[in-house]
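This briefing is meant for someone meeting the structure for the first time. Please keep the sequence and the 3D view at hand while reading the points below.

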Amino acid sequence: MSDSPQNPASVIGPLALVEYPHPALLRPAKPLVRIDDEVCNAVGQMFDIMYEAEGIGLAANQVALPYRLFIVNTAGRRGDGEELVFINPMLSRPRGTAVQEEGCLSLPGLRMDVRRPEKIVVDAWSLDGQPIRLDLDGLLSRVVQHEFDHLEGKLFTDRLPEAAAIEARRALETFREVFMGQQSRGELPAHEEIVARLDQLQADRCPA
Ligand code: ZN
């Protein structure tokens with residue numbers, strides 16, 4: 001006989017980057033209300049994955065976790081810059097506009113100019129439960145807005161003007177064919193299996 005904890009949350013386990021059109025990227029993530037050891041471990045893995053892929057930001061749904069959480073290090077290298085973790089972020093006070101080329105670890109190889117507010121205020125929680133409020137501009141503002149879009153189930157390709165959007169649509173179609181090919185060969189789980197896993201992870205750590 002053993003004491004089992006009430007409502008034990010499922011193990012998160014090893015994480016990996018997912019690419020468009022993985023279902024985790026296309027649905028809004030849910031606020032985290034339970035930050036357990038599994039979540040802390042997942043954040044550690046996310047930094048490993050981000051540095052390995054030479055990224056400067058990574059949202060939880062890019063590793064198939066349906067939680068409102070993203071990480072940033074604009075230096076892009078372990079030991080350099082500052083490692084930031086944003087949990088349940090909110091954006092406010094958008095000011096100005098800026099156009100800059102963006103790429104995304106979930107759309108490898110695709111880079112396009114994206115127009116966004118130049119400055120933004122972000123409110124969030126850190127991994128140890130401290131409130132964060134930052135008034136951002138420059139690269140950090142851009143990365144935070146890009147990662148926040150992921151939590152809304154959006155990609156930078158959703159923010160393009162008409163001509164660029166047509167070009168992006170062709171690239172997205174190729175990503176879709178690759179993804180479906182991997183599913184048909186059993187290299188990726190079927191759609192229903194992926195969605196069931198996301199629903200379980202959400203049920204474990206997000207409000208109903
Ligand atoms: Zn991205």
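This is a predicted model: local features need pLDDT of at least 70, side-chain atom pairs count only at pLDDT 80 or more; totals for chains, interfaces and linings use all residues.

Leaving aside residues up to four places away in sequence, Ser106 touches Val18, Glu19, Tyr20, Leu25 and Gln62.

**Ser106**

- Ser106 has its place in the loop between β4 and β5, and its relative accessible area is 0%, so Ser106 is buried.
- One of the residues touched by Ser106 is Gln62, and the side chains of Ser106 and Gln62 make a polar contact at 3.0 Å.

**The zinc ion**

- Three residues coordinate the zinc ion, namely Cys104 through SG, His146 through NE2 and His150 through NE2, at 2.0 to 2.3 Å.
- The spacing of these donor residues in sequence is C-x41-H-x3-H, and both His146 and His150 belong to helix α2 (residues 138-151), where they are four residues apart, about one turn of the helix.
- His146 has a relative accessible area of 8% and is therefore buried, while His150, at 1% relative accessibility, counts as buried as well, the cut-off for buried being under 20% relative accessible area.

**The five-stranded sheet**

- An open sheet is formed by five strands in the order β1-β2-β3-β6-β7, with antiparallel pairing.
- At the edges of this sheet are β1 (57-59) and β7 (131-136), each of which pairs on one side only, and neighbouring strands of the sheet are turned against each other by 35 degrees on average, direction ignored.
- Strand β2 (residues 69-72) runs antiparallel to strand β3 (residues 84-95), and four bridges join the two; within this pairing, Ile71 has Val85 in β3 as its bridge partner, and Val72 stands opposite Leu84 in β3.
- Strand β3 is also joined to strand β6 (residues 119-125), again in the antiparallel sense, by five bridges, and the bridge partner of Ser92 in β6 is Val121.

**Helices on the sheet**

- Helix α2, which holds His146 and His150, lies across β1, β2, β3, β6 and β7 and runs at about 155 degrees to β2.

**Strands β4 and β5**

- Strand β4 (residues 98-102) pairs with β5 in the antiparallel sense over five bridges, and Ala98 stands opposite Arg116 in β5.
- Strand β5 (residues 112-116) has two faces: Met112, Val114 and Arg116 make up the covered face, whereas Asp113 and Arg115 make up the uncovered one.

**Helix α3**

- After α3 comes Gly186, whose phi is positive, near 80 degrees.

Conventions:
Residues are numbered from 1 along each chain as its sequence is written. Side-chain values use heavy atoms; hydrogens and water are left out. Two strands pair if DSSP finds at least two bridges between them. Donors are N, O and S atoms within 2.8 Å of the metal (3.2 Å for Na, K and Ca); water is not among the atoms, so sites may look incomplete. Buried means under 20% relative accessible area, exposed over 50%, partly exposed in between (1.4 Å probe, protein chains only). Axes are lines fitted to C-alpha atoms, for helices over the stretch in contact, and angles run from 0 to 180 degrees between N-to-C directions. Contact means heavy atoms within 4.5 Å. A polar contact is a pair of N or O atoms within 3.5 Å; within protein, one must be able to donate a hydrogen and the other to accept it, and residues adjacent in sequence count only if both atoms are side-chain atoms.
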